[in-house]
Amino acid sequence: MSMPNKSYLTTKSFDRLPEELAVTNAHLIDKVEKLDAVKTVIIKNGQIDGIHDQLPDGYKGEQLNGDGCVLMPGWFDMHVHLREPGREDEETLQTGSFAAANGGFTGVACMPNTQPAIDSQEVINYILERTENNLVDVHPVAAITCGRQGEQLAPIAEMAEAGAVAISDDGSPLMNAELMRRALEYSKMFELPILGHEEDANLSKNRHMHEGFYSTKLGIAGIPAISEEVFIARDIMLTAYTGGRFHVCHISTKDGVDLVRQAKAKGLPVTCEVTPHHFTLTDKVVESYDTNTKMSPPLRSDEDRQALLEGLKDGTIDVIATDHAPHSIEEKEAEYIYAPFGITGLETAVGLIISQLVEQDVLGVQDLYNKCVANPRKILKLAIPKIARGETANLTLFNPGVTWKFKDIRSFSKSQNTPFKEFPLKGKPVAVINKGQIFISPDLKK
Amino acid sequence: MTFKEGHLLGLEHVEKEDIEFILKTAKSFREILERPIKKVPTLQGKTVVNLFFESSTRTRISFELAEKRLSADSVNFSSSTSSVKKGETLLDTARNIAAMKIDMVVIRHQSPGAPNFLARNLDANIINAGDGAHEHPTQALLDMMTILEKFDTLRDLRVAIIGDISHSRVALSNIHGLLKMGAKVTLCGPATLIPREIEKLGVDVSYHVDEVLSRVDVINVLRIQLERQDSGLFPSLREYHNYFGITRERLDKLTQPITIIHPGPINRGVEISSDVADSEHSLILNQVTNGVAIRMAVLYLLAGGENVNA
């Protein structure tokens with residue numbers, strides 16, 4: 001089947017699934033259903049109707065060619081910034097959802113550093129209502145403290161009831177250890193994990209890149225790895241003491257990974273995620289002074305990057321999440337020390353994961369089921385979609401063999417602050433299906 | 001190579017042969033500066049803008065004089081606040097400059113990499129006059145020129161850079177330049193002011209100033225910014241002076257005289273005592289004169305000049 005290309009400016013909604021759709025000859029991967037073979041999946045009225053070795057004779061419905069592609073339950077990105085409410089010039093719930101779909105995701109968790117912050121039932125309701133009919137499931141993460149000010153606990157119970165899937169002051173660290181202790185204690189009543197932005201602000205204030213040889217050579221004040229590590233250590237200890245659940249956002253350092261590994265060995269409920277940019281790039285790329293190499297935590301040393309790959313391999317790192325952080329051109333076209341932290345990530349994730357992890361034998365394509373489908377939903381206590389007869393079709397189809405560059409695709413995000421515009425990628429999302437809707441990624445620009 | 005690309009963004013990417021050529025050219029211009037009429041028509045018709053986003057007196061005047069003595073048309077833009085704070089991006093500022101058809105831009109900026117940014121976005125020769133704690137290449141060139149007026153060669157010369165290395169663009173440019181020219185470089189200062197992993201550049205580091213003074217030929221004494229003591233990097237200026245200040249008593253203990261340079265402006269009584277700054281071993285005022293010659297040479301060579309017919 002073919003879909004007309006649409007611009008995000010005029011796209012108002014996702015397309016309905018045809019009554020009957022066959023995704024033909026795709027490599028199905030679903031660990032729970034023990035699927036790891038080339039099959040054809042037939043979807044009827046938004047539900048999986050059957051899994052066949054070949055397209056059944058006499059099938060008359062629409063077809064989507066899955067030759068050479070992988071079909072998995074829908075991928076989930078548990079760390080995105082959708083900027084609405086407050087910075088709709090950078091991203092909206094709508095454009096962010098389209099960017100997620102174009103990146104191969106059928107669900108995201110959006111962080112609360114909006115304006116106003118997601119620190120009340122009203123904002124949770126606003127986000128859920130605005131995205132109710134989206135193909136992409138948008139799950140709000142609630143702020144730990146009112147206005148993310150780090151001073152007073154936000155109404156966590158009310159927000160949990162309204163549908164928050166976790167709490168976090170992401171973007172800013174919770175400097176007050178007493179408040180972090182209370183947040184862990186309080187949130188465990190609702191089984192909400194705390195997604196920790198691990199950074200000692202005293203150690204990182206007025207600093208702009210990883211501290212090491214390159215920060216020295218470039219004359220840019222450096223953020224030491226210990227600013228992240230002392231916080232991971234603190235919060236693991238607080239987790240052990242309180243019995244709460246703690247998830248480390250965007251882990252970036254070798255000793256940070258070791259701390260999580262030790263915590264897991266002790267049986268503590270500690271999990272962590274890594275971003276594609278941290279497992280792909282190092283602080284050396286800051287030599288370009290390109291402000292799209294500036295993010296928090298910063299790109300670390302190659303030794304740290306190797307430790308992240310090792311952590312992905314041995315299971316210490318549970319999840320791959322993008323930390324999609326759109327910024328306007330004006331903000332990023334500034335001097336390095338004045339530019340804001342953050343890069344977009346939704347639309348480059350599949351390409352980086354396949355080319356940097358699968359192609360380099362760090363992970364098998366089957367392992368992506370845990371890192372991109374199951375683990376994020378387990379951490380957030382969400383149901384994991386399955387490829388099985390009678391289940392709602394919630395699917396991600398990508399082609400691991402396609403090589404491409406970000407500059408050659410039509411991006412659906414409102415912001416394009418990525419260092420990967422010219423970066424060679426392998427593995428491209430083809431389509432996502434969820435909630436009776438379908439999104440087909442447009443072909444490369446000619 | 002940056003210099004041949006038409007910019008001087010830092011010494012890191014300038015080759016030894018180019019450094020030697022700049023120093024040689026500057027020597028010719030130095031002779032012009034001793035003449036009764038100090039002006040040559042070399043850059044007639046060229047327009048240079050001095051873009052200073054950070055307050056500076058001596059570097060700006062030195063560049064202006066160099067431009068005037070080469071007969072270039074020069075204009076000044078000074079702003080102590082960054083353009084971004086005024087609401088205009090550096091890119092817009094750059095585009096405006098480009099629209100005014102300017103040939104060369106001298107930029108001083110508090111953000112490291114600002115000159116690289118201009119070089120990427122402007123069709124003009126860019127000269128870095130100091131970008132944050134990154135580089136200040138003309139300062140290092142004039143430092144080397146001054147040292148070479150006293151010593152025949154920089155090869156195997158032992159040079160110590162003393163003071164706040166972490167926040168110093170002068171230090172980084174000197175390190176790159178001196179190492180390329182074959183000198184041995186030691187850094188000395190409080191551990192809180194020595195940036196991490198700087199040894200990887202090929203320098204050695206010491207925290208003991210007397211030990212360093214006893215084994216070097218030249219010291220480059222850096223200015224201590226008075227506000228550093230408030231940021232908790234060292235306890236007080238008094239303690240700094242007592243443990244790292246270059247004083248007559250310290251120098252009197254040495255068996256051989258030591259040559260002293262300082263990028264200025266001097267905090268007398270902090271990093272250097274007055275009698276040392278004014279002593280016969282101090283080349284501080286020679287540096288200032290050489291600064292004009294070095295900047296003339298850089299402007300001249302970037303504009304496409306090859307040999308000076310002095």
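Predicted model: local features only at pLDDT ≥ 70, side-chain atom pairs only at ≥ 80, totals over all residues.
**Entry 1: ground rules**

I number residues from 1 along each chain as its sequence is written, and chains are lettered from A and ligands numbered from 1 in the order in which they are written.

**Entry 2: chain A overall**

I looked up the secondary structure of chain A and found 13 helices and 18 strands. Helices here are DSSP runs of H or I with at least four residues, strands are runs of E with at least two, and both are numbered from the N terminus.

Next I checked the dimensions. The C-alpha atoms of chain A fill a box of roughly 70 × 45 × 45 Å along the principal axes.

I then looked at burial: 58% of the 446 residues of chain A count as buried. A residue is buried with 20 or more other C-beta atoms within 10 Å of its own, exposed with 12 or fewer, and partly exposed in between; the C-beta atoms are placed from the backbone.

Of the contacts in chain A with a separation of 6 or more, 77% join residues 24 or more positions apart. A contact means C-beta atoms, placed from the backbone, within 7 Å.

**Entry 3: nonpolar cores**

I asked which residues have the most contacts inside the largest nonpolar core. They are Leu71(A), Val141(A), Ala142(A), Ala164(A) and Ile167(A), in a core of 111 residues. Such a core is a set of buried Ala, Val, Leu, Ile, Met, Phe, Trp, Tyr and Cys residues joined through C-beta atoms within 7 Å. Domain 1 (15–71 + 387–440) and domain 2 (74–379) of chain A both give residues to this core, so it lies between them. The domain bounds come from an automatic or database assignment.

Beyond its neighbours within four places in sequence, its contacts include Pro112(A), Ile118(A), Ala154(A), Met159(A), Ala164(A) and Ile167(A). A second, separate core has 101 residues, among them Ala140(B), Ala183(B), Val185(B) and Val212(B).

Most residues other than glycine have a negative phi, and most peptide bonds are trans. I went looking for exceptions.

Glu84(A) and Pro85(A) are joined by a cis peptide bond, with omega about 5°. Pro85(A) sits in the loop between β7 (75–80) and α1 (93–102) of chain A. Arg83(A) lies in the loop between β7 and α1 of chain A and has a positive phi near 65°. Arg83(A) counts as buried because 27 C-beta neighbours lie inside 10 Å.

Another cis bond joins Ser296(A) and Pro297(A), with omega about -5°. I placed Pro297(A) in the loop between α9 (276–280) and α10 (302–314) of chain A.

Asn45(A) has a positive phi of about 50° without being a glycine. Its loop runs between β3 (35–44) and β4 (47–52) of chain A. Is Asn45(A) buried or exposed? Asn45(A) is exposed, with 11 other C-beta atoms within 10 Å.

**Entry 4: chain B domains**

Chain B is assigned domain 1 (3–136 + 288–302) and domain 2 (138–286). Their centres, over C-alpha atoms, are 25 Å apart. The contact takes 24 residues from domain 1 of chain B and 23 residues from domain 2 of chain B. On the domain 1 side, α1 (16–33), β4 (125–131) and α12 (284–302) of chain B each supply at least two residues. α12(B) gives the most, seven residues.

**Entry 5: chain B against chain A**

I counted 23 residues of chain B in contact with 15 residues of chain A. On the chain B side, α4 (90–99), α5 (114–121) and α7 (169–180) each supply at least two residues. The largest share, three residues, comes from α5(B).

**Entry 6: Gly245(B)**

Gly245(B) lies in the loop between α9 (237–244) and α10 (248–252) of chain B. Gly245(B) is buried, with 24 other C-beta atoms within 10 Å. Leaving out residues up to four places away in sequence, I found that Gly245(B) touches Tyr240(B), Val270(B), Glu271(B), Ile272(B) and Ser273(B).

Key: Contact = placed C-beta atoms within 7 Å.
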